[in-house]
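Keep the coordinates open as you read.

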Amino acid sequence: MNFRTLRKLFKVDAADYMLSICGNDALRELSSPGKSGSFFYLTNDDRYMIKTMKKAEVKVLLRMLSAYYNHVRAFENTLVTKFYGLHCVKLNGPAQKKVRFIIMGNLFCSEYTIHRRFDLKGSSLGRMTDKPEAEIDATTILKDLDLNFIFRLQKTWFQEFRRWASIRLGVNMPARVERTERKNDCEFQLVGEPTGEYYDVVMFFGIIDILQDYDITKKLEHAYKSIQYDPTSISAVDPKQYSKRFRDFIFKTFEEDST
């Protein structure tokens, strides 16, 4: 299994791919939305995102590569992000540091203007942006407790949505959203109360950042934080619990539009 096979599966033209990654146009550096310390770059044509990786993430990707290939081959419209290439370069200098990076599809490559971006996990502890309201713009990565909407999907879209694998990565899905408000005494209330105020929106979906292993570091993080906080509110939990919690959160936030 290699990435050339994946690129063929994703119908990526080899010449266009090389031109996007290695052409004369400079890459654009993006601010990192997470705590990983990774650097993110975007190609000039917005088609590809490049992310620096830790050695542990590389090992996870290589270990799951065969299963990943079988998944994306079986589910053409999978929500899981598309990986196109994995590379490592050695920098000049005494340290000769190795830099590992992955090339992925850009979820937000669209003719639509993206007004709000949310990184959702279904957890509540620390899941709010630290930016003041006045500084939030289209590039701000918002989190679970910043989401003040319930999404009302048309019946056919909602049925597709519940099947997950039928939704194409980055698909522009129309919906009505209803603004919500959280109770003042419920600091970690994930889904607020409906207000009756509606808007028409177009949404884009993707499952990203899937290379974090639930290793001893994450287990210790969960154990330590569980002493101080509600264990169910912590992002770092057992994968099965993480999956169930996320699905429960999503199906409270996305509902069928009955109008």
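Is F204 buried or exposed? At 17% relative accessibility, F204 counts as buried. Buried means under 20% relative accessible area, exposed over 50%, and partly exposed in between, with a 1.4 Å probe and protein chains only.

This is a predicted model: local features need pLDDT of at least 70, side-chain atom pairs count only at pLDDT 80 or more, and totals for chains, interfaces and linings use all residues. Residues are numbered from 1 along each chain as its sequence is written, and side-chain values use heavy atoms, without hydrogens or water.

Now the aromatic pairs. Rings of Phe, Tyr and Trp (its six-membered ring) pair if their centres lie within 6.5 Å; planes under 30 degrees apart are stacked, over 60 edge-to-face, and the rest tilted. The count comes to ten aromatic pairs. One of them joins Y68 and F83: the centres are 5.2 Å apart and the planes stand at 45°, so the pair is tilted. Y68 sits in helix α3 (residues 55–74) and F83 in strand β4 (residues 83–90), 15 residues apart. Helices (H or I, at least four residues) and strands (E, at least two) are DSSP runs, numbered from the N terminus. Y68 is buried at 4% relative accessible area. F83 is buried too, at 2%.

F204 pairs with Y112: centres 6.1 Å apart, planes at 65°, so edge-to-face. Y112 lies in the loop between β5 (98–105) and β6 (117–118), and F204 in the loop between β10 (193–203) and α5 (216–228), so the pair ties together parts 92 residues apart in sequence. Y112 is partly exposed, at 38% relative accessibility. Elsewhere, F149, F151, Y199, F205 and F254 form one aromatic cluster.

Next, the cysteines. A disulfide is a pair of cysteine sulfur atoms within 2.5 Å. The whole structure has zero disulfides. For C22, the nearest cysteine sulfur is that of C88, 15 Å away. C22 is exposed at 52% relative accessibility. C88 is partly exposed, at 45%.

Finally, helix α6. It runs over residues 239–253, has 15 residues and reaches 21 Å from its first C-alpha to its last. That is close to the 21 Å expected at 1.5 Å a residue, where the expected span is 1.5 Å times one less than the number of residues. R245, F249, I250 and T253 of α6 are buried. Seen down the axis of α6, its buried residues fall within an arc of 130°, so they line one face of the helix. The arc is that of the directions from the helix axis to the C-beta atoms. On the other side of α6, K240 and K244 are exposed.
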